[in-house]
Amino acid sequence: MSHNAGLRAPAQPGDPVAAIDTPALVIDLDAMARNLAAMAAFASERGFRLRPHAKTHKSAAIAKLQMAAGAVGVCVQKLSEAEVLAEHGVPDIYISNEIVDEAKLARVAALAGRIRLAIAVDSRTGIDRLAAALKAAGTRADVFVEIDVGQGRCGTSPAAAGELALRVLSNGLHFAGLQAYHGGAQHLRSSAERQVAIEHAAALVRTALANLAEAGIQCPLVTGAGTGTFALEAASGVWGELQCGSYVFMDRDYADNHLAGSAPGMGQVAFEHALFVKSQVMSVGAAHAVVDAGHKSHAIDSGMPGVWQGGFEFRNGGDEHGILSPVTQADGRTAALPAIGDTVWLIPGHCDPTVNLHDRYIGVRGGLAHGVVESTWAVDARGCLT
Ligand SMILES: Cc1ncc(COP(=O)(O)O)c(C=O)c1O
């Protein structure tokens, strides 16, 4: 479901990087491949299932690369994302989120007849409605009971996990395990803070496991974790599946997390920036330069984009403008302003909502300076919010 599919793409395969029209959403394919391989190696060497979150990229092409690298499937947050990725050939999808609307659940049940599908629940109503929809369609799905492990978002209390799992089973559904994701921990800046948050989350998972055991229910799998904390979940001994999403692109906000050196946490795996907005200098003042990319080109919910070339601060200049000011370096020097027409590579503050602003990815092989366009993938699930 690529909107404006007829619009002129910013580049064609074979074009040199210099020819990519701006602003454009560009993937450094070599850096992305290294990120995919690093996460896949982390999971396989330690015996974890990897189910990356496709809310980051909304792309069937990238989901398939992740599965080719060893992922068991992908997660999505929305039914329409699942439908679009399935339509484009992704065979195994987990909706790591609650769906309670009956019309949507009828679509969930229909989709479950086409691919291997899993879904999260956190209420009796949600379970009963899901069961009714699957029964009417004659299909099956794996059901994860979500517990709140510290974010204060969706999820039941760990002490209610057994009751909900029993309801899943008594409705004739397949209880696949627990969903335990702590979004609030991912961007805590210090590794010590992230460690405390995930230790707390792990304690809550253990409480839920004990609660399940009291109800006589075995938990097949605990799924969760994100790019900021996955090594901590992995070290805890309670999670079996990792749902990291942003590692594939690494936005500026994630790079602002302090790495932990030898401590567990993000420090054990270094990911590279692989997603950029290519912009062009369109005006130059006495002490600033203006590029043709504003907040219609990149999300600013997690702050302004970084400037890949370094030496500049980016200020929001509105929908279509970004303002670059040289930053005074430690040695007192400042970078020279770029010239009109120069390329400036921006590192989005937050990759997921940035991707949702674009119709296409321009995939570059051979580096941002002298590479060549290899692919122009649609952002397949762009705008899939339902
Ligand atoms: C349920 C769930 N799992 C996994 C992720 C992936 O997290 P990240 O992109 O930080 O790796 C998210 C992101 O918001 C999420 O909501």
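Which strands and helices are included in what covers the buried residues of helix 5? The points below take this up after some notes on the fold; the model is a predicted one.

1. Core. The largest nonpolar core has 115 residues. Those with the most contacts inside this core are L85, I119, L178 and V205. Helix 7 (residues 191-214) gives the most to the core, with nine residues. Domain 1 and domain 2 both give residues to this core, so the core lies between them. As background, nonpolar side chains tend to be buried together in soluble globular proteins.

2. I119. This residue is among those with the most contacts inside the largest nonpolar core. Leaving aside neighbours within four places in sequence, I119 is in contact with I95, I99, V108, L130, A141 and V143. One of these, L130, is also a buried residue of helix 5.

3. Helix 5, length and end. Helix 5 covers residues 124-137, which is 14 residues. At 1.5 Å a residue the helix should span 20 Å, and its end C-alpha atoms are 20 Å apart, so the two values agree. Just after helix 5, G138 takes a positive phi of about 70°.

4. Helix 5, burial and cover. The buried residues of helix 5 are G126, I127, R129, L130, A131, A133 and L134. To answer the opening question, what covers these buried residues includes strand 4 (92-98), helix 4 (102-112), strand 5 (116-121) and helix 6 (161-170). Note that R129 is listed with the buried residues of helix 5.

5. Ligand shell. There are 14 residues around the ligand, and G226, T227, Q243, G245 and S246 come nearest. The residues of this shell divide into three nonpolar, 11 polar and no charged.

Key:
Residues are numbered from 1 along each chain as its sequence is written. This is a predicted model: local features need pLDDT of at least 70, side-chain atom pairs count only at pLDDT 80 or more; totals for chains, interfaces and linings use all residues. A nonpolar core is a set of buried Ala, Val, Leu, Ile, Met, Phe, Trp, Tyr and Cys residues joined through C-beta atoms within 7 Å. A residue is buried if 20 or more other C-beta atoms lie within 10 Å of its own, exposed if 12 or fewer, and partly exposed in between; C-beta atoms are placed from the backbone. Helices (H or I, at least four residues) and strands (E, at least two) are DSSP runs, numbered from the N terminus. Domain bounds come from an automatic or database domain assignment. Two residues are in contact if their C-beta atoms, placed from the backbone, lie within 7 Å. The expected span of a helix is 1.5 Å times one less than its number of residues. A residue is near a molecule or strand if its C-beta atom, placed from the backbone, lies within 6 Å of it. Ala, Val, Leu, Ile, Met, Phe, Trp, Tyr, Cys and Pro count as nonpolar, Asp, Glu, Lys and Arg as charged, and the others, Gly among them, as polar.
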